[in-house]
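Today I am opening my notebook on a new structure.

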Amino acid sequence: MTRTIAVVGSTGQQGGAVVHALLHAKGWKVRGITRNISSQKAKGLAAQGVDMVAGDIDDTKSLGVQAIFGVTNFWEHLGQGLDADAAGEKEAEQAFNIATAASQITTLEHYLFSTLPKARELSKGQRPVPHMDHKAGVDDRIRKELPDLAAKTTFVWLGWYAANMASFPLVRPFELPLSGGNWVWMQPSPADACLPICGDVKVNLGTYVRAALDHSDKSIGKYVNVRTDRMTFTEILKVWSSATGKHAQYIPVSVEAFESLWGSYGREMALQYFSGELWPDWDELDPSKMCSRADLLIADEDLVNLKGEFELLGTKLSSA
């Protein structure tokens, strides 16, 4: 029997990863949900066989889907001039609206929600992170207000994107003028702090979601942590240097200095690093709630780690 998965944000990075993983998977049909089906990305997916639908999850209620992947975008709201808490509240509202609509789909068997750990709780109130805490609050609302949906839900965590070092200005190293070709990586965290890294999002998220669907008896009601590596900033930079052939030094800066350079984006990124220093291993936050890679029968060779992603990115890591 062919089942259908609806992917919210199908033209985005996370949604696109899920679409491509399920598009040619045996027994699955993919319905992509996006605000603009006339965009080039939407047309490209349609040409590959994705059933593209304009609008939101409400538009699929009567269409009969068995699975939904839901994702929202805090950074979009932050970029519209909202402060971090307002952006987080708006994202959380959207996320819960998606969950509410999903709960009303009678054919639904599995809901997968892209979320994040609770920074405020994990740091005992000392190091809150708006984009993490507001999104994590939706997990609690699903359990409390939508218990029937919670009984069908897998919560998906994604760590640090390796591709950020090629595409996200706040995270990219830069060449130091008049230095003879030396580079600097300036981030708001100590050099020996660890990051949970999800590697190549385009491959790895789709691999985990497909496995969670295939092994729903293990994944439903649990958290799935999409991670390939745990590395310090120094170790990450060594891999970057190896991939680019560029000599680089890591320079830690304060939260305040990073915010002064990058504004609200910089502050939010800095707060995530600052809080995460207290809880670097997401798999150990609450092991009883975790569905492991072994549970999902995912092998190392099924994933692309940091080194592999840097090799794929090639010159994009150090191009102007």
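**Entry 1: the largest pocket.** I looked up the largest pocket and found about 1,400 Å³ of space in it. My note on terms: on a 1 Å grid over the protein atoms alone, a pocket is an open set of points where a 1.4 Å probe fits, with protein on both sides within 12 Å along at least five of seven lines, and lining residues have an atom within 4 Å of a point. The volume is the space filled by probe spheres set on the points, which are joined across faces, edges and corners. Of its 43 lining residues, Gln-14, Val-71, Thr-72, Asn-73 and Phe-74 are the closest to the centre.

This is a predicted model, where local features need pLDDT of at least 70 and side-chain atom pairs count only at pLDDT 80 or more, while totals for chains, interfaces and linings use all residues. Residues are numbered from 1 along each chain as its sequence is written, and side-chain values use heavy atoms, with hydrogens and water left out.

**Entry 2: where the largest pocket sits.** I checked the domains, whose bounds come from an automatic or database domain assignment. The largest pocket lies between domain 1 (1–157) and domain 2 (159–197 + 227–279 + 298–319), because both give residues to its lining.

**Entry 3: the second largest pocket.** I read off a volume of about 240 Å³ for the second largest pocket. It has 13 lining residues, and the closest to its centre are Lys-118, Glu-121, Trp-157, Asp-286 and Lys-289.

**Entry 4: aromatic pairs.** How many aromatic pairs does a search of the whole structure find? I noted 14. Rings of Phe, Tyr and Trp (its six-membered ring) pair if their centres lie within 6.5 Å; planes under 30 degrees apart count as stacked, over 60 as edge-to-face and the rest as tilted. Tyr-111 and Phe-113 make a stacked pair, 6.5 Å centre to centre with 5° between the planes. Both Tyr-111 and Phe-113 are buried (under 20% relative accessible area, with a 1.4 Å probe and protein chains only).

I then looked at Phe-233 and Tyr-250: their ring centres are 5.4 Å apart and their planes at 35°, so this pair is tilted. Phe-233 and Tyr-250 are both buried too.

Entry 5: I found one aromatic cluster made of Phe-155, Trp-157, Tyr-223, Trp-279 and Trp-282. Trp-157 was already in my notes, as one of the residues closest to the centre of the second largest pocket. Last, I saw that the charged end of Arg-127 sits over the ring of Phe-274, 3.6 Å from its centre (the rule asks for NZ of Lys or CZ of Arg within 6 Å of the ring centre and within 35 degrees of the ring normal).

Conventions: Buried < 20%, exposed > 50% of the residue type's maximum accessible area, 1.4 Å probe, protein only.
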